[in-house]
Amino acid sequence: MTTTDDHVELVTELVTELVKILETRILDPLEILLASDELLGPIRARLRVEAEVWAAQLLGADPERATLTAARLVGVLYPGDAPFHPPASWWRTALGRAVVRTTGHPVAVAVPYSTAGAMLGITRQGLQDLIKRGKLDKHPDGGVTTSSVRARVTGIATSRGNSSFKPMSTGRSRSDAENGGRYR
């Protein structure tokens with residue numbers, strides 16, 4: 001599969017996921033409250049178009065727009081009084097992978113090793129190996145910097161020279177054998 005095909009696949013997966021989340025968190029409750037879905041048809045259609053726009057913004061070339069879009073979506077789709085700390089499984093979703101590429105983590109400068117591993121889709125041992133080899137940066141207060149996780153995912157060179165990384169299109173972990181015996 002080419003990089004363009006991978007990008008189209010990720011955009012399609014992200015749009016589908018956004019529509020499903022919007023249906024579940026916004027439209028379904030409205031349907032219950034209104035005791036009807038007849039008024040929601042035009043809103044459903046509009047949210048589908050908006051989901052396509054948001055996906056393009058999240059995965060687009062403008063980092064500021066992508067960051068703002070990620071913040072808006074996370075703020076609206078996952079509201080709460082506490083900072084956003086999703087479960088490890090959230091990072092493997094299309095939206096989670098897009099947020100990692102965009103901001104690293106929407107609210108944290110550093111994350112625990114377990115979260116960094118989830119964000120990268122690797123084991124704790126793989127994460128330790130990347131830290132030892134200088135491919136990820138430890139935070140002085142503990143954990144791993146989200147900027148180094150983001151750089152690892154996007155292939156952006158960091159101060160430690162993390163430019164050889166080839167991002168995975170689906171965000172799923174590769175086995176050690178598929179990875180040539182080495183972690184990403």
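Among contacts (heavy atoms within 4.5 Å) in the protein chain between residues at least 6 apart in sequence, 54% join residues at least 24 apart. The model is predicted: local features need pLDDT of at least 70 and side-chain atom pairs count only at pLDDT 80 or more, while totals for chains, interfaces and linings use all residues. Residues are numbered from 1 along each chain as its sequence is written, and side-chain values use heavy atoms, with hydrogens and water left out.

**The chain as a whole**

- The protein chain has 7 helices and 2 strands, where helices (H or I, at least four residues) and strands (E, at least two) are DSSP runs numbered from the N terminus.
- Read from the N terminus, the order of elements is α-α-α-α-β-α-α-β-α.
- Of the 184 residues in the protein chain, 41% are buried; buried means under 20% relative accessible area, exposed over 50%, and partly exposed in between, with a 1.4 Å probe and protein chains only.

**Helix H4 and its end**

- H4 is mostly covered, with 9 of its 10 residues buried.
- The buried residues of H4 are Ala94, Leu95, Gly96, Arg97, Ala98, Val99, Val100, Thr102 and Thr103.

**H4 against H3**

- The axes of H3 (residues 63-77) and H4 (residues 94-103) come within 9 Å and cross at roughly 140°. Axes are lines fitted to C-alpha atoms, for helices over the stretch in contact, and angles run from 0 to 180 degrees between N-to-C directions.
- H3 and H4 are therefore oblique to each other; angles under 35 degrees count as roughly parallel, over 145 as roughly antiparallel, 65 to 115 as roughly perpendicular and the rest as oblique.
- The crossing of H3 and H4 is left-handed, a term used if the near helix is turned anticlockwise from the far one by less than a right angle, with right-handed used if clockwise.
- H3 contributes Ala66, Thr67, Ala70, Leu73, Val74 and Leu77 to the contact, and H4 contributes Leu95, Val99, Thr102 and Thr103.
- The residues in the contact of H3 with H4 are 7 nonpolar, 3 polar and no charged. Ala, Val, Leu, Ile, Met, Phe, Trp, Tyr, Cys and Pro count as nonpolar, Asp, Glu, Lys and Arg as charged, and the others, Gly among them, as polar.

**H4 against H7**

- H4 and H7 pack at about 110°, with their axes 7 Å apart, and are therefore roughly perpendicular to each other.
- In this contact H4 supplies Val100, Arg101, Thr102 and Thr103, while H7 supplies Val149, Arg150, Val153 and Thr154.
- The contact of H4 with H7 has 3 nonpolar, 3 polar and 2 charged residues.

**H5 against H7**

- The axes of H5 (residues 113-120) and H7 (residues 146-154) come within 10 Å and cross at roughly 20°, which makes H5 roughly parallel to H7.
- The crossing of H5 and H7 is right-handed.
- Ala116, Met119 and Leu120 of H5 meet Val149, Arg152 and Val153 of H7 in the contact.
- The contact of H5 with H7 has 5 nonpolar, no polar and 1 charged residue.

**Alanine 35**

- Alanine 35 lies in the loop between H1 (3-34) and H2 (41-58).
- The phi of alanine 35 is near 55°, a positive value in a residue other than glycine.
- Most residues other than glycine have a negative phi.
- Alanine 35 counts as exposed because its relative accessibility is 71%.
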